[in-house]
Amino acid sequence: MKNLVNIHFLGAAGTVTGSKFLLETPWMNILVDCGLFQGLKELREFNWKAFPFPPEKIDLILLTHGHLDHTGYLPKLVKEGFKNDILGTSPTLAIAEIILTDSARIQEEDARRANEEHYSVHQPALPLYDEKDVEQTIRLFKSVRTEEWIDISEKVKLRFRRNAHILGATFIELNLNGKIFVFSGDIGRKDDLLLEAPLQPQYADYLFLESTYGDRLHPQEDADSILASAINNTISRRGTLIIPGFAVERLQTLMYKIYSGYQKNKIPRIPVYIDSPMGNEVFKVFSRYMSWHKLNTEDFKKMKKFFRIITSYKDTWKTIEDPQPKVVIAGSGMVTGGRVLTYLRFYLEKPETTVLLVGFQAEGTKGRQLQEGVPDVKIFGKYYQVKAEIKTINSLSAHADQAGLLEWLSELQADPIRIFLVHGEKKAADVLRVKIKDQDAWHAEIPHLGETISLAV
């Protein structure tokens, strides 16, 4: 009789957020990624529900990379009873520590503000977890090397392989009783400015493939020209350019582009503020793991000196009150929280303001609302009219597009038994499903959130 592995799709199924894939095997229970749901309220409510599998019975957690939608639920799971190892590359764990600490602080601050200003329906408003829960979580971190098979038991082996996307990101190969399970994580781009191209799997019996951009190609736009134009318009209108920035990778890419534009005389000298405590911490990770990116030490130091790094909330207010034209890059990238909300409260209703969105904006986020042209946005319980000009650069995504995803599959030496399309909105996943069928004659499936599927090993 064959052994069965039950796969529980507890996140990133029919949506791009909350990545969690639980493998219930005859030998141990393994959770691949442990992300927080973001965006739509119906998804965010899952964060507050009890985890659908006993946390104390999970033997191991594997992290593909450090983003919040892949790591942000960890402290909640630890709070509920998980006490075993959490494995990831050294940069992934360093970034996860920064992101989780920031997440806890934001949640505690949001709860405090909600209670003071009485705009929450919950009395009292509480954070999902706090900094003490994060400290407990970090104690469980255990770093791994890439490209090395790790023997967990006689029947369970695993390997982490570099995948671009962000610093430290990997895809994960699991060998369960001789069957290879591949979890793509988030696949990066072949032409990434800062990271080497993603590696590709050669074998996969069961493949779990992200589909974020499964229905589109990255536009052939000139991102440098759009960025330069936005900055020049900001100067001529004596306004403020606000760029909601993803603290990991996108922020560093933006800085590289702005600095390069200045060096090439395409961008004039203008104060550029980096207001992202998390982003500042990520700089330290970049400097610690130079072998994980393309920047050399000298260029890295020069680039950093070009920008004005905000380190305190007091300086945030000084920047807001400064009337001179300026650029502000502040977290978060999807406008779901962080310092950028403080800036938008004061600048969104000013027509001389430009908001430049530079990455994927998930359903239900304020970033998506701005992108779709809503007349007003609710921030901290109050509505603000959108009088600012909203612009988007679509080509800076850290995700592979449809062509990149299909190319990532191209080195597979044999047909997968089953392919599951995850981490994508339903339309994107379905378009990719058809493309995979047309290109390789492989049948791909789109699992439902909460679904459990049994696989033979």
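Modeller: Here we take some labels in turn and see what each rests on; please keep in mind that this is a predicted model.

Biologist: What makes the pair of His8 and Thr452 a polar contact?

Modeller: The cut-off for such an atom pair is within 3.5 Å, and the side chains of His8 and Thr452 come to 2.9 Å, so the distance meets it. Leaving aside neighbours within four places in sequence, His8 is also in contact with other residues, among them Lys20, Phe21 and Glu451.

Biologist: Nice. How do you know that strand 4 and strand 5 pair?

Modeller: Pairing asks for at least two bridges. Strand 4 (residues 60–62) and strand 5 (residues 86–89) have two bridges, in the parallel sense, so they qualify as paired. Ile61 stands opposite Ile86 there.

Biologist: And what makes strand 6 and strand 22 edge strands?

Modeller: In the open sheet with the order 6-5-4-3-2-1-22, strand 6 (141–144) and strand 22 (452–456) each pair on one side only. The twist in that sheet averages 25° from one strand to the next.

Biologist: How do you know that strand 20 and strand 21 pair?

Modeller: Two bridges join strand 20 (residues 418–422) to strand 21, and at least two are needed, so the pair passes. Ile419 has Ala444 of strand 21 as its bridge partner.

How values were computed:
Residues numbered from 1 in each chain as written. Predicted model: local features only at pLDDT ≥ 70, side-chain atom pairs only at ≥ 80, totals over all residues. Heavy atoms only, no water. Helix = DSSP H or I, 4+ residues; strand = E, 2+ residues; numbered from the N terminus. Axes fitted to C-alpha atoms, helices over the stretch in contact; angles between N-to-C directions. Polar contact = N/O pair within 3.5 Å; in protein donor to acceptor, adjacent residues only side chain to side chain. Contact = heavy atoms within 4.5 Å.
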